[in-house]
Amino acid sequence: MIDVAPATPGDLDSIDEIERVSFPAPWPRETFAAELERDWARVDVARVAGRIVAFCNYWLVTTELHVLAIATDPSERGKGIARELLAHVLATGIRAGCTLATLEVRRSNTAAIALYERAGFKTVHVRARYYHDDNEDALVMLAELA
């Protein structure tokens with residue numbers, strides 16, 4: 001069973017560990033600490049048997065939800081955890097009055113793209129050379145929230 005809840009400062013080590021093994025240019029721990037202090041920012045964690053196995057960082061800005069990062073511990077991937085976490089995040093956005101969800105994803109991240117497409121996101125734009133570490137393009141994806 002997956003338990004999703006808002007992150008606390010005590011969760012930052014686990015978030016940082018998942019971030020570092022999930023992304024080629026991981027954000028520093030301090031970025032997530034700062035997100036916990038912003039009114040519009042949310043960081044939710046997914047726990048299995050009490051252990052943090054995934055997180056999602058997102059913003060709620062007026063009627064828009066913007067997903068900044070979602071990642072699952074490599075040992076827990078393929079179990080539907082990211083799907084449940086993303087569904088929770090989108091439902092949170094709907095409850096907050098959001099009508100649109102947006103995100104950017106690396107063109108090469110086919111697993112994430114498939115996750116987002118299953119959740120109703122569609123590619124609407126390509127940002128050429130968006131990622132500074134390797135100049136990879138980003139797909140800009142949108143989903144209408146009902």
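Glu76 is buried, with a relative accessible area of 13%. That value comes from a predicted model. The cut-off for buried is under 20%, so Glu76 qualifies. The residue lies in the loop between strand 4 (64–72) and helix 3 (81–95).

What does the side chain of Glu76 meet there? One partner is the side chain of Arg51, through a polar contact of 3.0 Å. Another is the side chain of Lys79, also in a polar contact (3.0 Å). Leaving aside residues up to four places away in sequence, Glu76 touches Arg51, Val53 and Ile81.

Now turn to Glu19, in helix 1 (residues 12–22). Glu19 is buried too, yet it has no salt bridge. Arg20 is the nearest side chain of opposite charge, and it is 7.7 Å away. A salt bridge needs a nitrogen and an oxygen within 4 Å. Beyond residues up to four places away in sequence, Glu19 touches Pro26, Trp27, Phe32 and Phe55.

Ring pairs link Trp27, Phe32 and Phe55 into a cluster. The structure holds five aromatic pairs. In one, the rings of Trp27 and Phe32 have centres 5.7 Å apart and planes at 35°, so the pair is tilted. Phe32 also pairs with Phe55: the centres are 5.3 Å apart and the planes stand at 80°, so this pair is edge-to-face. It links distant parts of the chain, with Phe32 in helix 2 (residues 29–35) and Phe55 in strand 3 (residues 51–61), 23 residues apart.

Phe55 is buried at 0% relative accessible area. Phe32 is buried at 1%. Trp27, at 28%, is partly exposed.

Elsewhere, the charged end of Arg106 sits over the ring of Tyr131, 4.1 Å from its centre.

Key: Residues numbered from 1 in each chain as written. Predicted model: local features only at pLDDT ≥ 70, side-chain atom pairs only at ≥ 80, totals over all residues. Heavy atoms only, no water. Helix = DSSP H or I, 4+ residues; strand = E, 2+ residues; numbered from the N terminus. Buried < 20%, exposed > 50% of the residue type's maximum accessible area, 1.4 Å probe, protein only. Lys, Arg positive; Asp, Glu negative; His and termini not counted. Contact = heavy atoms within 4.5 Å. Polar contact = N/O pair within 3.5 Å; in protein donor to acceptor, adjacent residues only side chain to side chain. Phe/Tyr/Trp six-rings, centres within 6.5 Å; stacked < 30°, edge-to-face > 60°. Lys NZ or Arg CZ within 6 Å of the ring centre and 35° of its normal.
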